[in-house]
Amino acid sequence: MSTNPYGDHGNKDASITNPHGQGTMTPIEDTGPAVPPAPGGPPFLIGDTMTGGYGKGPNILHECTIAVEKGEIAVIVGPNGAGKSTAMKAVFGMLNVREGAVKLDGEDITKLSPPQARVHKGMGFVPQTHNIFTSMTVEENLEMGAFIRTDDIKQTMEQVYELFPILRDKRNQAAGELSGGQRQQVAVGRALMTQPTVLMLDEPTAGVSPIVMDELFDRIIEVARTGISILMVEQNARQALEIADKGYVLVQGGRNAHTGTGKELLADPEVRASFLGGAEQCCVFPYSFFWSPRPPLRWTCWKRPAPKPARRRVALC
Ligand SMILES: Nc1ncnc2c1ncn2[C@@H]1O[C@H](COP(=O)(O)OP(=O)(O)OP(=O)(O)O)[C@@H](O)[C@H]1O
Ligand SMILES: [Mg+2]
């Protein structure tokens, strides 16, 4: 057994996190850097065989199950329109779950409404779109995030600024003036202001460059290390599964197609072929042949690009 309490998932470069091995957010329990899942027990948060749709409309989800254990990262991937966002909204109480159940820490919260009631229970949600108040400053966004709290929020805000230092620099700037990556940091920071026990993120890296994506993933790992569970939808499936304890592949109709550890899904030839952009490129022969689309029509060959260099560490900005 590894001495690393975080197991072998995620980025092992300790330089990106607190050198003492713990994130900067307040841990849920004082039990160390990661809270182990209850062995054999039910998941901490589960949307269990959910069937449902919007309003009186048709079912979008069909017996869809997504779950996350305490202090772990669960990733949901799948094609556009599969129902990933709908599954997240169902878990957060934003649409009718007609069959199945949503349970948090063993409690059935399927009928708990409105969604704010789930925030009181410790759930934080960053939706795919419209996840910040663009005309408000960064700091006002964070204050809005803490809307359910009546205690002093300064320390939590300080923790968010430690996690995302650029937000401190930009705290008096309108959030709408920030870059895509910075906006996503505001959105995640806003959700953290309620001190959630589980953080649900719908495509937190949408529209950001690969380097900023890497950095956001590193911060998400750091948050998980404090014991906060992360349930996350991602389009960058391969990279997300690399940091996932558990992965769910959803397909059209909000149906589960594959479920496993991140490692298992990455190694599954069917998942790789259908959802991860094909099998790993063959390294034996570094050339691809293709039919030139323009005259003169002929077979030609193209040298595959060299493998990506090792991940660079840069500040989020
Ligand atoms: N508010 C809504 N009312 C009615 N139908 C909706 C609503 N939002 C989404 N849908 C439908 O639900 C289905 C699943 O959409 P959803 O947004 O959950 O997919 P997704 O997997 O998140 O896709 P993407 O990767 O593009 O974000 C789609 O057919 C969509 O048209
Ligand atoms: Mg979506």
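Modeller: Ala, Val, Leu, Ile, Met, Phe, Trp, Tyr, Cys and Pro count as nonpolar, Asp, Glu, Lys and Arg as charged, and the others, Gly among them, as polar. The model is predicted, so local features need pLDDT of at least 70 and side-chain atom pairs pLDDT 80 or more, whereas totals for chains, interfaces and linings use all residues. Residues are numbered from 1 along each chain as its sequence is written, with chains lettered from A and ligands numbered from 1 in written order.

Colleague: How do the residues of the shell around ligand 1 divide?

Modeller: The residues around ligand 1 (C-beta, placed from the backbone, within 6 Å) include Y54, I60, N80, K84, S85, T86 and Q128. By class, the shell holds 3 nonpolar, 8 polar and 1 charged.

Colleague: Is strand β3 largely enclosed or left open by the rest of the structure?

Modeller: Strands are DSSP E runs of at least two residues, and helices H or I runs of at least four, numbered from the N terminus. I73, V75 and V77 point one way from β3, and A74 and I76 the other. Because 5 of the 5 residues of β3 (residues 73–77) are buried (20 or more other C-beta atoms, placed from the backbone, within 10 Å; exposed is 12 or fewer, partly exposed in between), the strand is largely enclosed.

Colleague: Which residue of β9 stands opposite A74?

Modeller: β3 pairs (at least two DSSP bridges) in the parallel sense with β8 (residues 229–233) over 4 bridges, where I76 stands opposite V233. Another 4 bridges join β3 to β9 (residues 246–251), again parallel. There, A74 stands opposite K246.

Colleague: What angle does the direction of helix α1 make with that of β1?

Modeller: An open antiparallel sheet has the order β2-β1-β4-β5. β2 (61–68) and β5 (107–108) each have a single partner strand, so one side of each lacks a neighbour in the sheet. Helix α1 (residues 84–91) packs on this sheet, touching β1 (45–53), β2 and β4 (contact: C-beta atoms, placed from the backbone, within 7 Å). With axes fitted to C-alpha atoms, for helices over the stretch in contact, and angles from 0 to 180 degrees between N-to-C directions, α1 and β1 make about 115 degrees.

Terms used: Contact = placed C-beta atoms within 7 Å.
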